[in-house]
Amino acid sequence: SDVSSLQSPKTSPKTPSSHNIASLNSKIALLKQQVITFDANFERMHSRPPVGNDRRPISSTIKELNELKRLLIDARSVESSKSKSSLTNQYSLIYSKMEEKRKLASRPHDLKLMSHTQLMDEKLCIQKLLLHFEETYGRPKTKDQKDTMRPIYDRYRKVKLALNKAKNGSGPSEGDKTPTGGNHLGDTWNVTLGNTSVASGMELINLNPEQLVMKLAELQDSKKSLRKLLRDYEK
């Protein structure tokens with residue numbers, strides 16, 4: 001709507017659900033500019049800023065401005081609640097998918113009971129889920145986001161530590177790729193790291209020795225950038 005409609009005393013803001021935050025910000029900016037213009041004109045005419053009843057000519061504008069500010073606060077609160085609810089749902093979905101994949105592969109939950117191959121499979125499973133999550137929602141940034149997703153990231157870190165320990169402290173395993181929001185994915189189980197696809201076990205089996213060496217070189221090139229997420233996350 002135009003400025004005149006915003007000024008009309010008959011215009012009353014609707015409920016927060018009828019406004020998006022961008023629309024509210026736009027309307028608030030228009031009304032603020034009207035108040036600023038009125039104040040500037042008044043001061044130019046009277047050599048002093050307006051006080052008290054001096055703003056009576058724009059009282060409806062000021063009233064609506066205050067109502068829109070309140071609606072903006074409410075809308076942001078609703079948006080924040082929806083975001084937190086969505087993140088919680090994503091956590092539950094990822095956790096359920098982890099459990100499902102683990103049961104299908106007959107892997108125990110306790111990392112101490114897993115073989116080296118099972119640890120590698122567990123790591124790849126979590127990694128793919130987190131890569132897909134980050135591509136869709138981005139990396140957790142706020143305290144609430146980190147607290148919600150921490151158990152899954154902690155699980156991923158513990159799997160990596162278990163793999164390192166299994167290799168007698170020889171350092172991170174060759175496939176040590178940390179999820180990062182900079183990757184582009186297809187579906188959940190088709191992860192692309194930069195320009196390098198993480199092939200499934202069957203795809204790797206079909207590669208000849210020269211192709212395997214090339215695949216290893218590609219993964220090593222991606223390793224540095226991919227390991228940044230958990231390091232940043234744990235700060």
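What share of the contacts in the protein with a separation of 6 or more comes from residues 24 or more positions apart? The share is 70%, where contact means heavy atoms within 4.5 Å.

## Model and overall make-up

This is a predicted model, in which local features need pLDDT of at least 70 and side-chain atom pairs count only at pLDDT 80 or more, while totals for chains, interfaces and linings use all residues. Residues are numbered from 1 along each chain as its sequence is written, and side-chain values use heavy atoms, with hydrogens and water left out.

The protein has 8 helices and 3 strands; helices (H or I, at least four residues) and strands (E, at least two) are DSSP runs, numbered from the N terminus. From that terminus on, the order of elements is α-α-α-α-α-β-β-β-α-α-α. Of the 235 residues, 34% count as buried, a class defined by a relative accessible area under 20%, with exposed set at over 50% and partly exposed in between (1.4 Å probe, protein chains only).

## Nonpolar cores

A nonpolar core is a set of buried Ala, Val, Leu, Ile, Met, Phe, Trp, Tyr and Cys residues joined through side-chain atoms within 4.5 Å. The largest one has 18 residues, and I94, I126, M149 and I152 have the most contacts inside it. The elements giving two or more residues to this core are α3, α4 and α5, and α5 gives the most, with 7 residues. Apart from this core lies another, of 12 residues, among them I28, L31, V35 and F42.

Leaving aside neighbours within four places in sequence, I152 is in contact with Y91, I94, Y95, M98, I126 and L130.

Helix α5 (residues 143–166) has 24 residues and spans 33 Å from its first C-alpha to its last, close to the 34 Å expected at 1.5 Å a residue; the expected span is 1.5 Å times one less than the number of residues. At R150, α5 bends by about 55°, and P151 follows within four residues. The bend is the angle between axes fitted to the seven residues ending at a residue and the seven starting there. Buried residues of α5 include K146, M149, I152, Y153, R155 and K160.

Helix α4 has 22 residues and reaches 31 Å between its first and last C-alpha, close to the expected 32 Å. G138 follows α4 and has a positive phi, near 85°.

The structure holds 3 aromatic pairs. In one of them, F133 and Y137 have ring centres 5.5 Å apart and planes at 25°, so the pair is stacked. Rings of Phe, Tyr and Trp (its six-membered ring) pair if their centres lie within 6.5 Å; planes under 30 degrees apart count as stacked, over 60 as edge-to-face and the rest as tilted.

F133 and Y137 are 4 residues apart in α4 (residues 116–137), which means about one helical turn separates them. F133 is buried at 2% relative accessibility, whereas Y137 is partly exposed at 40%. Q90, in helix α3, is in contact with F133 and Y137, leaving aside neighbours within four places in sequence. Q90 is buried, with a relative accessible area of 17%.

## The loop residue D54

D54 sits in the loop between α2 (21–46) and α3 (59–104) and counts as buried because its relative accessibility is 19%. Its side chain makes a polar contact with the side chain of R48 (2.8 Å). Such a contact is a pair of N or O atoms within 3.5 Å; within protein, one must be able to donate a hydrogen and the other to accept it, and residues adjacent in sequence count only if both atoms are side-chain atoms.

A polar atom of the D54 side chain also lies 2.9 Å from the backbone nitrogen of V51. Not counting residues up to four places away in sequence, D54 touches F38, F42, R48 and P49.
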